[in-house]
Amino acid sequence: MRESFWGIFIIASGIVILSAIYVFQSITNTDEHNYNLLKETTEAAMYDALDWSVYSENGEITINREKFVENFVRRFAENANLSRDYRIQIYDVNESPPKVSLQITSKGLSASDQFSLNGKTITFQLSNRLDAIMETKEK
């Protein structure tokens, strides 16, 4: 009888440990995905928003603010995970020199992104912030 309780305890402990590993792996993968998506999307949107007319006249590198925001939102929406709710906050867009400050906050919508403990449902809200400056080589 005592050995059967040990067997049940080991199986129950294994299930709890595997579910904890699944939750933390999901959080880590989501955070890494959000950061890489934010970094790559910001870089691509900054290159798309370059103002070539100002560059050809003055040789000064500037970006168009509206074009940057439009390209960033479009590219981010194309690659974002549809099972999450995203909030994009753009704090600062300097046109010259090209600099942007952004923050992405995401919250899971599916049941796999929620964790229940003692009857309370816990949802994780992940936030990534990025300050980017466009670097160029001098001639």
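Which side chain does a polar contact of 3.2 Å join to that of Asp 92? I looked this up first, and the partner is Lys 99. I count a polar contact as a pair of N or O atoms within 3.5 Å; within protein, one must be able to donate a hydrogen and the other to accept it, and residues adjacent in sequence count only if both atoms are side-chain atoms.

**Ground rules.** I am working on a predicted model, in which local features need pLDDT of at least 70 and side-chain atom pairs count only at pLDDT 80 or more, while totals for chains, interfaces and linings use all residues. Residues are numbered from 1 along each chain as its sequence is written, and side-chain values use heavy atoms, with hydrogens and water left out.

**Entry 1, Asp 92.** I find Asp 92 in strand 1. Helices (H or I, at least four residues) and strands (E, at least two) are taken as DSSP runs, numbered from the N terminus. At 29% relative accessibility, Asp 92 is partly exposed. My classes are buried under 20% relative accessible area, exposed over 50% and partly exposed in between, with a 1.4 Å probe and protein chains only. Not counting residues up to four places away in sequence, Asp 92 touches Lys 99, Val 100 and Ser 101; contact means heavy atoms within 4.5 Å. I also checked Arg 65, which is 27 residues from Asp 92 in sequence and 9.7 Å away in space, C-alpha to C-alpha.

I count three helices and five strands in the protein chain, in the order α-α-α-β-β-β-β-β from the N terminus. The chain has 139 residues, of which 28% count as buried. Among contacts between residues at least 6 apart in sequence, 60% join residues at least 24 apart.

I searched the whole structure and got five aromatic pairs. The rings of Trp 52 and Tyr 55 are edge-to-face, because their centres are 5.9 Å apart and their planes stand at 85°. For the cut-offs, rings of Phe, Tyr and Trp (its six-membered ring) pair if their centres lie within 6.5 Å; planes under 30 degrees apart are stacked, over 60 edge-to-face and the rest tilted. Both Trp 52 and Tyr 55 belong to helix 2 (residues 52-58), where they are three residues apart, about one turn of the helix. Trp 52 is exposed at 56% relative accessible area, and Tyr 55 is partly exposed at 30%.

Phe 68 and Phe 72 make a stacked pair, because their ring centres are 6.0 Å apart and their planes at 25°. These two sit four residues apart in helix 3 (residues 65-79), about one turn of the helix. Phe 68 is buried at 0% relative accessibility, and Phe 72 is buried with a relative accessible area of 0%. I followed the ring pairs on and got a cluster of Phe 68, Phe 72, Phe 76 and Tyr 86.

Which residues of helix 3 are buried? I list Phe 68, Asn 71, Phe 72 and Phe 76. They cover an arc of only 125° around the axis, so they are on the same side of helix 3; the arc is that of the directions from the helix axis to the C-beta atoms. An α-helix has 3.6 residues a turn, so residues three or four places apart point the same way. The face turned away from the buried side carries the exposed residues Glu 66, Glu 70, Ala 77 and Glu 78. The cover over the buried residues includes helix 1 (2-48), strand 1 (84-94) and strand 2 (99-108). At the start of helix 3, I noted a side-chain oxygen of Asn 64 within 3.2 Å of the backbone nitrogen of Glu 66.

The Thr 42 side chain reaches the backbone oxygen of Leu 38 at 2.7 Å. Leaving aside neighbours within four places in sequence, Thr 42 has contacts that include Phe 68 and Phe 72, as well as Leu 130 and Ala 132.

Leu 130 and Ala 132 are listed, with Leu 126 and Asn 128, on the covered face of strand 5 (residues 125-133). The uncovered face has Gln 125, Ser 127, Arg 129, Asp 131 and Ile 133. Strand 5 pairs with strand 2 in the antiparallel sense over nine bridges; pairing requires at least two DSSP bridges between two strands. Asp 131 is the bridge partner of Ser 101.
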